[in-house]
Amino acid sequence: MSLKQEQKQELKQMRQRSRPLVATIILIVGTAAVLFGLALSISVGAAKISLSTVWTAVFNFNPDITQHQIIQELRMPRALAAALIGAAFAVSGSVMQGMTRNPLADPSLLGLNAGAGFALALCFAFFRGMSHLEIMLICFTGAALAAGIVYGIGSLAKGGLTPVRLTLAGAAISTLFVSLSEGVQIHFQIGQDIAFWYAGGIAGTKWSQIGIVAPWIIGGILAAIAISRSISLLSLGDDVAVSLGQRTKLTKTIGIIVTLILAGASVSVVGAVGFIGLIIPHLARYLVGVDYRWIIPCSAVLGALLLIVADIVARTINSPSETPVGALIAIIGVPFFLYLAVKQRGNL
């Protein structure tokens, strides 16, 4: 069998290993679960609100009713932020894992969160009073800087960019930026200003923030879906993708931009929430197979559902105090990361 025939055979096997029926069920049932989760998230909090009141406040808002004001001004933007940002983190992780063929790829593990955090610390230290849009752009720049350094360092070593080099470079750069951020906090005494941001949380999200990040996140997810077929081919290896007519450099460039937009916009709102982009793509791949045309949209739905549920638990597990949602997800994410590291040790 020739090399080209072998590559076509790999592509055929990939399609055979996909499960479109399961993916369709996940998209339908998952979307319904997300909608129910949004309603539940809006009703849960210090003030208990019935689902019927939530329905009335959404579709027949009365500004004279206190519960309606709580729903419209506090809980709805928070719930929508959880859905959008959970989907964004999950899709960015899917794109990264597919492009790099690295099962450990995740925005938080590759320095994007730390880079955005360092940029945010500089904002609080030198540019107080910045708008949400300006903060988002600064966080995006910090995430892009960290990603560029990580990919650059990982590519310098002999043998090119391997999963273990990418992960180690991400860990090193994350440590560097976290240390720099802490130094800025101590020197300028801004630790309390960004402490909750570092822990990760959605509390206090406003409609103005949703209005800024929603178009970027939705656009990034749609762009990821648009290049999903190319990512599927990249996941088989660059040689296979090139032989099948793919412009791998263009696909990778678009994928990196999409990842930076999704991760940068999300981190600017919720802070250092990690592991969603690690856990969800693996779950989606296990359920629907290896075709990224199904993995990416299913990851968006499952990621949204995960962060909505985590936010509900964060508000109720130690009520009336609130637990940082990033800490709750880390409880799941760290053991999962260690499991993957052990499982993949022979391939790293």
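User: What is the handedness of the crossing where H13 passes H14?

Analyst: This is a predicted model. Helix H13 covers residues 276-288 and helix H14 covers residues 292-316. H13 passes H14 in a crossing that is right-handed.

User: Which class describes the angle of H13 to H14?

Analyst: The two helices pack with their axes 8 Å apart, at an angle of about 130°. Angles of 65 to 115 degrees count as roughly perpendicular and those over 145 as roughly antiparallel. The angle between H13 and H14 therefore makes the pair oblique.

User: Where does H4 stand relative to H14, and how many charged residues does their contact have?

Analyst: Helix H4 (residues 66-100) crosses H14 at roughly 140°, and their axes come within 7 Å. That makes H4 oblique to H14. The crossing is right-handed. The contact has 15 nonpolar and six polar residues, and its charged residues number three.

User: What is the geometry class of the ring pair of phenylalanine 118 and phenylalanine 177?

Analyst: Phenylalanine 118 and phenylalanine 177 are both buried. Phenylalanine 118 sits in helix H5 and phenylalanine 177 in helix H7, so the pair ties together parts 59 residues apart in sequence. The ring centres lie 5.5 Å apart and the planes are at 40°, so the pair is tilted.

User: Which residues do ring pairs link into a cluster?

Analyst: The count comes to five aromatic pairs. The cluster linked by ring pairs consists of Phe126, Phe127 and Phe188.

Terms used. Residues are numbered from 1 along each chain as its sequence is written. This is a predicted model: local features need pLDDT of at least 70, side-chain atom pairs count only at pLDDT 80 or more; totals for chains, interfaces and linings use all residues. Side-chain values use heavy atoms; hydrogens and water are left out. Axes are lines fitted to C-alpha atoms, for helices over the stretch in contact, and angles run from 0 to 180 degrees between N-to-C directions. Helices (H or I, at least four residues) and strands (E, at least two) are DSSP runs, numbered from the N terminus. Angles under 35 degrees count as roughly parallel, over 145 as roughly antiparallel, 65 to 115 as roughly perpendicular and the rest as oblique. A crossing is left-handed if the near helix is turned anticlockwise from the far one by less than a right angle, and right-handed if clockwise. Ala, Val, Leu, Ile, Met, Phe, Trp, Tyr, Cys and Pro count as nonpolar, Asp, Glu, Lys and Arg as charged, and the others, Gly among them, as polar. Rings of Phe, Tyr and Trp (its six-membered ring) pair if their centres lie within 6.5 Å; planes under 30 degrees apart count as stacked, over 60 as edge-to-face and the rest as tilted. Buried means under 20% relative accessible area, exposed over 50%, partly exposed in between (1.4 Å probe, protein chains only).
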